[in-house]
Amino acid sequence: MLKTSAVPSVSAVPPSSGHPEGVSNDEFRAAMSRLAAGVVLVTSHEPPLDPEGPKGEDVGMTATAFMSVSLDPPLVLVSLREGARMDDLLAEQPLWAVSVLSESQRHIAGRFAMKGRVSDRLLFEDIPYVRGEASGAPLVGGALATLECRTEQRVQAGDHTLVIGRVLTARVPSAEGGPLMYFRGRYRHLG
């Protein structure tokens, strides 16, 4: 005779958890805040709506959900909040760049992470950068590494879009300093 055991059903989870799986937003945030992540600035150049009009605008966003995906072909992934300006822009503009920020660039990370911030034009105003040859996007001076990418795939994942990009250029312009890290809700450095 085959013996069966009772498997708890999803409905056995208390309704106060916030999700059918049983984890609340606060529990999930607390757990994930224990994962140290590097900090990058994702940038793109928004082309002008009218070719005869203004020259377009540079857009930037701080990200900690960034990773290498593949060596052959060279692919990276960045996670963007669905409906964010960068998500909307990269849905139409396939070229973008990433600057891996150094520990001395905390002010840049904070500036581009602000909610209700001023225009991107003003955010870039006093930051040294060069324009990428492949993407046309700003590459921050003093970054530990820079990458220029072309979107290969966009994947909807909950309230975020995972943007997978083929790396078109990769440079290591600065070997000075350590990486800027994000851990337990704050920017930090190694050491």
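Contact means heavy atoms within 4.5 Å. This is a predicted model, in which local features need pLDDT of at least 70, side-chain atom pairs count only at pLDDT 80 or more, and totals for chains, interfaces and linings use all residues. Residues are numbered from 1 along each chain as its sequence is written, and side-chain values use heavy atoms, with hydrogens and water left out.

Q: Which residues is V78 in contact with, leaving aside its neighbours within four places in sequence?
A: They are V42, A63, A65, F66, W96, T161, L162 and V163.

Q: Why is T43 called buried?
A: Buried means under 20% relative accessible area, exposed over 50%, and partly exposed in between (1.4 Å probe, protein chains only). T43 has 0% relative accessibility, so T43 counts as buried.

Q: What makes the pair of F124 and Y129 edge-to-face?
A: Rings of Phe, Tyr and Trp (its six-membered ring) pair if their centres lie within 6.5 Å; planes under 30 degrees apart count as stacked, over 60 as edge-to-face and the rest as tilted. The ring centres of F124 and Y129 are 5.7 Å apart and their planes stand at 70°, so this pair is edge-to-face.

Q: Is F124 buried or exposed?
A: Its relative accessibility is 5%, so F124 counts as buried.

Q: Why is Y129 called partly exposed?
A: The relative accessible area of Y129 is 31%, so Y129 falls in the partly exposed class.

Q: Which residues do ring pairs link into a cluster?
A: The cluster consists of F112, F124 and Y129.
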